[in-house]
Amino acid sequence: MTLSAFGEGTLRIRFGEVDGASFSEDTGSTPLEIAVEATDTLATLASKINSASGGALDAYVANGTDGAQLVIKGQEGAQNGFTLEGESSALLPLAAPGDLSFLSWQPSSDAGELRQTSRDALFSLDSVEMSSASNTVTGLPEGIGLTLTGTNVGDPTTISFANDPAAITDVMTDFTAALNNIADLLNEEAAALGGTLGNDPGARELKRDLGRLTSEIVMPGAEAGEPSTLNDLGLSLNIDGTFAFDAARLGEALAENPDGVAAMFTIGATGVFATMDNLARDNSLRSDPGSLGGSLERYAGLIEGNDDRLTRIADQQEGLRSRLTRDLIAAQSQISTSQSTLSFLQQQIGAWNGSN
């Protein structure tokens with residue numbers, strides 16, 4: 001079926017909330033204005049709707065027992081309902097086949113076209129009623145995320161969590177590799193003999209921080225027997241300042257106290273991530289002359305001072321060149337005058353000798 005049977009015009013789609021026979025337009029959402037041509041088909045109109053909506057609507061042609069039908073689906077959420085307004089360009093528009101206004105739809109005049117109303121998802125967490133415009137829920141306490149797949153009124157779902165030893169092992173493996181990259185660079189650049197930063201206080205302080213990292217208490221609130229240091233997670237310090245990771249020791253800690261190990265990887269003021277964040281912040285503090293940040297600030301000042309001195313030296317060299325050039329020109333002038341005087345004296349002496 002082609003749309004030439006409906007006529008030309010504009011199909012306007014408004015967004016908002018459908019509630020029974022009423023529609024509340026979302027004034028913050030711009031209505032779609034879709035131009036319908038005489039050559040359009042149901043398929044091309046569906047394509048135009050998809051393109052104009054930018055993914056807000058999904059339109060397609062369904063071939064059922066009653067023939068081809070235009071199906072339009074919106075997104076999840078109560079504010080993602082919509083209405084259709086077919087504005088015919090005919091002189092006498094009629095809401096019947098043969099006119100574009102036939103495609104118009106409002107909930108107040110629904111004749112069975114509405115298949116499903118767009119709603120917000122309603123759920124409760126710890127007996128607190130909540131809602132979400134999407135069935136994929138994020139931003140819940142403790143970083144919980146939910147994917148809602150059905151209704152279960154009166155039959156609450158119990159959410160449980162399982163430890164993932166493989167994920168924690170991967171984190172510690174990557175963590176050890178990152179620390180060794182830093183340690184290798186320090187061993188090369190901050191070596192006592194020949195290192196570029198061998199005498200730098202910031203580099204020495206970072207070495208000291210790394211040297212006590214494995215034994216530092218990163219969980220000060222841990223109970224007796226619970227892991228509280230990176231060494232308890234299998235991280236150890238080699239004699240050359242690099243790090244080693246013992247996955248078997250981490251496995252033992254997970255078996256003995258899985259909750260304690262998991263707590264060390266949560267976001268907060270303590271734990272593995274907080275320890276590394278503090279290490280980075282302390283060593284990059286430019287106001288501390290004993291940190292790497294302080295060293296960078298000092299070196300930046302030295303470079304600026306050297307630039308100023310080089311500028312002054314260049315100015316002095318240019319002044320000296322100009323003065324030497326003037327003195328050389330003056331000397332040449334004097335030499336030329338002296339040569340003239342000498343020639344005159346030679347002539348006089350020759351005349352005197354001839355007269356004798």
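Q: What does the secondary structure of the protein come to?
A: The protein has seven helices and 12 strands. The model is predicted.

Q: How many of the residues count as buried?
A: Of 356 residues, 26% count as buried. The label is given to residues under 20% relative accessible area.

Q: What share of the contacts joins residues at least 24 apart?
A: Among contacts between residues at least 6 apart in sequence, the share is 50%.

Q: Why is Thr151 called exposed?
A: The cut-off for exposed is over 50%. Thr151 has 77% relative accessibility, so Thr151 counts as exposed. This residue is in the loop between β10 (146-147) and α2. Its C-alpha lies 9.0 Å from that of Phe123, though 28 residues separate the two in sequence.

Q: Thr229 is also in a loop; is Thr229 buried or exposed, and how do you know?
A: The loop in question runs between α3 and β11 (235-237). Buried means under 20%. Thr229 has 8% relative accessibility and therefore counts as buried. Leaving aside residues up to four places away in sequence, Thr229 touches Thr214, Ser215, Glu216, Ile217, Val218 and Met264.

Q: How do you know whether Asp259 is buried or exposed?
A: Exposed needs over 50%. Asp259 has 60% relative accessibility, so Asp259 counts as exposed. The residue belongs to helix α5. Its C-alpha is 9.0 Å from that of Glu226, which is 33 residues apart from Asp259 along the chain.

Q: Which residues of helix α4 are buried, and why are they said to line one face?
A: In α4 (residues 247-256), the buried residues are Leu250, Ala253 and Leu254. Seen down the axis of α4, they fall within an arc of 100°, so they line one face of the helix. An α-helix has 3.6 residues a turn, so residues three or four places apart point the same way.

Q: What lies on either side of α4?
A: The buried residues of α4 pack against α2 (165-189), β12 (243-245) and α5 (258-263). The face turned away from the buried side carries Ala255 and Glu256, which are exposed.

Q: What caps the N-terminal end of α4?
A: Asp246 does, with a side-chain oxygen 3.1 Å from the backbone nitrogen of Ala248.

Q: Which residues meet where α2 and α4 are in contact?
A: From α2 come Pro165, Ile168, Thr169 and Met172, and from α4 come Ala247, Leu250 and Leu254. Leu250 and Leu254 are also among the buried residues of α4.

Q: What makes α2 oblique to α3?
A: The axes of α2 and helix α3 (residues 201-211) come within 11 Å and cross at roughly 140°. That angle is not over 145 degrees, so α2 is oblique to α3 rather than roughly antiparallel.

Q: Which residues of α2 and α3 meet?
A: Leu179, Ile182 and Leu186 in α2 meet Ala203, Leu206, Lys207 and Leu210 in α3.

How values were computed. Residues are numbered from 1 along each chain as its sequence is written. This is a predicted model: local features need pLDDT of at least 70, side-chain atom pairs count only at pLDDT 80 or more; totals for chains, interfaces and linings use all residues. Side-chain values use heavy atoms; hydrogens and water are left out. Buried means under 20% relative accessible area, exposed over 50%, partly exposed in between (1.4 Å probe, protein chains only). Helices (H or I, at least four residues) and strands (E, at least two) are DSSP runs, numbered from the N terminus. The arc is that of the directions from the helix axis to the C-beta atoms. Contact means heavy atoms within 4.5 Å. A polar contact is a pair of N or O atoms within 3.5 Å; within protein, one must be able to donate a hydrogen and the other to accept it, and residues adjacent in sequence count only if both atoms are side-chain atoms. Axes are lines fitted to C-alpha atoms, for helices over the stretch in contact, and angles run from 0 to 180 degrees between N-to-C directions. Angles under 35 degrees count as roughly parallel, over 145 as roughly antiparallel, 65 to 115 as roughly perpendicular and the rest as oblique.
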